[in-house]
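Biologist: Could you take me through this chain and show me what stands behind each label you use?

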Amino acid sequence: MKIMVIQGPNINMLGLREVGVYGLMKMDEIHEQMKIAASQNNVELDFFQSNFEGEIVDKIQECLGIFDGIIINAAAYSHTSIAIRDAIAGVGLPTIEVHISNIYRREEFRQKSLLSPVCSGSIVGFGPFGYHLALMGVLQICDQIQKIKEQQNQQNVKN
């Protein structure tokens with residue numbers, strides 16, 4: 001199973017910026033922890049970070065036919081990007097949205113995610129551990145999809 005982890009603007013600055021909100025853990029440290037959990041679950045992870053909306057849209061589209069699911073922290077674009085929302089909806093892959101901070105305890109403009117309605121689920125406010133929760137969530141969803149496909153194949157063989 002292959003999962004793409006997409007990080008949006010300023011996530012590359014984790015551990016340095018607003019540590020009272022986002023904590024001290026750096027993006028690369030989060031990725032290293034995710035790799036450990038992925039290896040324990042026979043999952044291959046790829047990572048991508050960009051501060052540019054169009055590059056994020058391109059990466060989501062590139063996932064189609066290659067990856068089984070997506071974990072995305074689109075950061076500020078979560079609240080503004082119809083393009084990223086449309087890309088997620090367009091590829092139809094199980095996608096989990098992650099926010100390190102609790103967006104519902106922050107400024108009003110951060111409390112609405114345009115991405116949530118097209119994602120399989122959202123993990124909000126658990127700090128860096130949210131990525132682990134997202135990984136477990138996308139694995140469960142992909143496992144369910146695989147079982148449904150197997151049942152359909154068995155039905156087709158019987159018919």
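This is a predicted model: local features need pLDDT of at least 70, side-chain atom pairs count only at pLDDT 80 or more; totals for chains, interfaces and linings use all residues.

Biologist: Thanks! What makes up the secondary structure of the chain?

Modeller: There are five helices and five strands, in the order β-α-α-β-α-β-α-β-β-α from the N terminus. Helices here are DSSP runs of H or I with at least four residues, strands are runs of E with at least two, and both are numbered from the N terminus.

Biologist: Why is the chain called as compact as a globular protein of that length?

Modeller: The globule rule is 2.2 Å times the number of residues to the power 0.38, and the radius of gyration is taken over C-alpha atoms. For 159 residues the rule gives 15 Å and the chain has 16 Å, which is close, so the label applies.

Biologist: Why is Lys 112 called exposed?

Modeller: Exposed means over 50% relative accessible area, buried under 20%, and partly exposed in between, with a 1.4 Å probe and protein chains only. Lys 112 has 53%, so it counts as exposed. Its place is the loop between strand S4 (95-99) and strand S5 (121-124). Across the whole chain, 43% of the 159 residues count as buried.

Biologist: Which residues does Lys 112 contact, leaving aside neighbours within four places in sequence?

Modeller: Those are Ser 78 and His 79, where contact means heavy atoms within 4.5 Å.

Biologist: What makes a set of residues a nonpolar core?

Modeller: The members must be buried Ala, Val, Leu, Ile, Met, Phe, Trp, Tyr or Cys, joined through side-chain atoms within 4.5 Å. The largest such core has 24 residues, and Ile 3, Met 34, Leu 45, Ile 71, Tyr 131, Leu 135 and Val 138 touch the most other members. Two or more residues each come from strand S1 (2-7), helix H2 (27-40), S4 and helix H5 (129-158), and H5 gives the most, with six.

Biologist: What does Leu 135 touch, not counting residues up to four places away in sequence?

Modeller: Leu 135 touches Met 34, Ala 37, Ala 38, Leu 45 and Ile 71. Apart from this core lies another of 19 residues, including Ile 6, Ile 56, Ile 84 and Ile 88.

Technical notes. Residues are numbered from 1 along each chain as its sequence is written. Side-chain values use heavy atoms; hydrogens and water are left out.
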